[in-house]
Amino acid sequence: MVDISMRLKFSRYRVDREPHIRVNYANCRTCKQRACLTACPAQCYLPRQEDGVVFNYEACLECGTCYIVCDRGALAWEYPKGGYGVSFRFA
Ligand code: SF4
Ligand code: SF4
């Protein structure tokens with residue numbers, strides 16, 4: 001089994017103040033599956049106790065998985081602007 005945390009420690013992030021993924025939280029509040037919670041390899045989505053999720057884009061790996069698994073159309077997804085986002089494999 002691959003330890004993803006070991007691999008992520010070689011990643012670097014340049015975070016834009018403008019999020020590159022926007023969540024329509026109204027859709028999340030009635031989402032039973034909340035597939036984003038288990039699908040995101042960076043754990044950018046965390047459960048709210050009562051319903052829905054909280055999202056933090058800063059550690060996003062730009063894999064697009066959340067956009068694919070969200071079946072409620074809650075996400076507006078794009079890559080970060082040029083120069084921002086994740087860079088991989090920095091030792
Ligand atoms: S799967 Fe989509 S609608 Fe459901 S909680 Fe996650 S982002 Fe929100
Ligand atoms: S694009 Fe990938 S890493 Fe970024 S929030 Fe979605 S699932 Fe997580």
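Ligand 1 sits in the largest cavity of this predicted model. That cavity has a volume of about 130 Å³, and 16 residues line it, with Cys31, Arg34, Ala35, Cys36 and Cys70 nearest its centre. Helix 2 (25–28) and helix 4 (65–69) are the elements that give two or more residues to this lining. By class, the lining of the largest cavity holds 11 nonpolar, two polar and three charged residues.

The shell around ligand 1 consists of Cys28, Cys31, Arg34, Ala35, Cys36, Val53, Cys70, Arg72, Ala74 and Leu75. Eight residues of this shell are nonpolar, none is polar and two are charged.

Across the whole structure, a search finds three cavities of 30 Å³ or more. The second largest cavity has a volume of about 100 Å³. Its lining comprises 14 residues, and Arg14, His20, Tyr57, Pro80 and Gly85 are the closest to its centre. Strand 1 (12–14) and strand 6 (85–87) each contribute at least two residues to the lining of the second largest cavity.

The table sets out volume and lining class for each site.

| Site | Volume | Lining by class |
|---|---|---|
| Largest cavity | about 130 Å³ | 11 nonpolar, two polar, three charged residues |
| Second largest cavity | about 100 Å³ | seven nonpolar, two polar, five charged residues |

Definitions and conventions: Residues numbered from 1 in each chain as written. Chains lettered and ligands numbered in written order. Predicted model: local features only at pLDDT ≥ 70, side-chain atom pairs only at ≥ 80, totals over all residues. Heavy atoms only, no water. Near = heavy atom within 4 Å. 1 Å grid on protein atoms, 1.4 Å probe; cavity = no way out; pocket = protein on both sides within 12 Å on 5 of 7 lines; lining within 4 Å. Sits in = over half its atoms within 2 Å of the grid points. Nonpolar A, V, L, I, M, F, W, Y, C, P; charged D, E, K, R; others polar. Points joined across faces, edges and corners; volume = space filled by probe spheres on them. Helix = DSSP H or I, 4+ residues; strand = E, 2+ residues; numbered from the N terminus.
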